[in-house]
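Please walk through the structure shown below.

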Amino acid sequence: MPRGGVLRDTLLHATFFGGSQDDSLAVARVDVDGTIVFAGVTYSNDLPATPGAYDTTKNGGEESYVARIDADGSALLACTYLGGPGIGADAISKLAIDPNDGSIVVAGRTCSDSFPTTPGSYSPTPPGLSCDLFVARFSPDLSSLTASTYFGGTSDDLWSSMGLFGDGSIIVSGVTSTSGEFPYTVVNSPFDVGSPGSFLARLTPDLSGLIWATPI
């Protein structure tokens, strides 16, 4: 018996999730009410998107999804697609739940030039000519996309991590291959911004503005 008398190898519950084609899980988080929010990539046209969800129809080839199941895995509470039309890939890799209002923040990479951004967002159109980063915020029940923006430089960028400040603003880090054209607002002299490198940035809670961005 392990310390504390808990059998750590006990399977409490397990469930399948997905459609008729390839589906993958990228990230999962447990909300304060015990429900599980998770996201990943799907090739399925018949993913179990729920009535009233933001987007119940698959738009392209490789597309992202976000879902919520109850604490014991017995019921799918909400599920939505997220992506642009065409063959461009959309892939969520980061997820956080805002404790202020329960909204769900996701980040990933899109190769679609028509990714669903929201009016007034920081970058409603692609900043680059290839694949770009995105950050999006959903309502807790996944019924609405409350904010969504592209983010990055003019060439390939990759996420490393994402988190939330107490005020709901979003901190992100990653790697850019076009540092000289990345939207830096702060440049620390020890770093060479003319070559590929890492970045750290902070976006407003509603994704309407870049508070700051710096090479690291």
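A search of the whole structure, which is a predicted model, finds one disulfide. The bond is formed by Cys111 and Cys131, whose sulfur atoms lie 1.9 Å apart. The torsion about this S-S bond is about 90°, so the disulfide is right-handed. The pair links distant parts of the chain, 20 residues apart, and both Cys111 and Cys131 are placed in the loop between β6 and β7. Another cysteine, Cys79, is buried with a relative accessible area of 0%.

The loop between β6 and β7 also holds Pro126. Is this proline buried or partly exposed? Its relative accessibility is 26%, so Pro126 counts as partly exposed. When neighbours within four places in sequence are set aside, Pro126 is in contact with Asp113, Asp132 and Tyr150. Pro126 and Thr154 are separated by 28 residues in sequence, and their C-alpha atoms are 8.6 Å apart in space.

Strands of a sheet pair through backbone hydrogen bonds, in either a parallel or an antiparallel manner. Here, four strands form an open sheet in the order β5-β6-β7-β8, and the pairing is antiparallel. The edge strands are β5 and β8, the latter spanning residues 145-151, and each of them pairs on one side only. From one strand to the next, the twist averages 20°.

Within this sheet, β6 comprises residues 104-110 and is mostly covered, with six of its seven residues buried. Strand β5, residues 90-97, pairs with β6 in the antiparallel sense over seven bridges. One of the pairings sets Ile97 against its bridge partner Ile104 in β6. The two strands form a hairpin with six residues between them, and Gly102 in the turn has a positive phi of about 80°. Strand β6 also pairs with β7, residues 132-138, in the antiparallel sense and over seven bridges. In that pairing, Gly108 stands opposite Phe134 of β7.

Strand β1, residues 23-30, and strand β2, residues 36-42, run antiparallel and are joined by seven bridges. The bridge partner of Val30 is Ile36 in β2. Five residues lie between the strands of this hairpin, where Gly34 takes a positive phi near 90°.

Attention may now turn from the strands to the packing of their side chains. In a regular strand the side chains alternate between the two faces of the sheet. The largest nonpolar core has 19 residues, and those with the most contacts inside it are Val135, Phe151, Trp159, Met162, Ile170, Val172 and Phe199. Strands β6, β7, β8, β9, β10, β11 (197-203) and β12 (210-215) each supply at least two residues of this core. Strand β11 gives the most to it, with three residues. Apart from this core lies another, of 18 residues, which includes Val27, Ala39, Val106 and Phe115.

Met162 shows in detail how one member of the largest core is surrounded. Leaving aside neighbours within four places in sequence, Met162 is in contact with Lys94, Leu95, Ala96, Val105, Val106, Ala107, Ile170, Ile171 and Val172. Among these contacts, Ile170 and Val172 are also listed with Met162 as residues with the most contacts inside the largest core.

Beyond residues up to four places away in sequence, Ser169 touches Gly163, Leu164, Arg202, Leu203, Thr204, Pro205 and Ile211. With Arg202, a polar contact of 2.9 Å joins the two side chains.

Conventions:
Residues are numbered from 1 along each chain as its sequence is written. This is a predicted model: local features need pLDDT of at least 70, side-chain atom pairs count only at pLDDT 80 or more; totals for chains, interfaces and linings use all residues. Side-chain values use heavy atoms; hydrogens and water are left out. Buried means under 20% relative accessible area, exposed over 50%, partly exposed in between (1.4 Å probe, protein chains only). Two strands pair if DSSP finds at least two bridges between them. A polar contact is a pair of N or O atoms within 3.5 Å; within protein, one must be able to donate a hydrogen and the other to accept it, and residues adjacent in sequence count only if both atoms are side-chain atoms. Contact means heavy atoms within 4.5 Å. Axes are lines fitted to C-alpha atoms, for helices over the stretch in contact, and angles run from 0 to 180 degrees between N-to-C directions. A nonpolar core is a set of buried Ala, Val, Leu, Ile, Met, Phe, Trp, Tyr and Cys residues joined through side-chain atoms within 4.5 Å. A disulfide is a pair of cysteine sulfur atoms within 2.5 Å.
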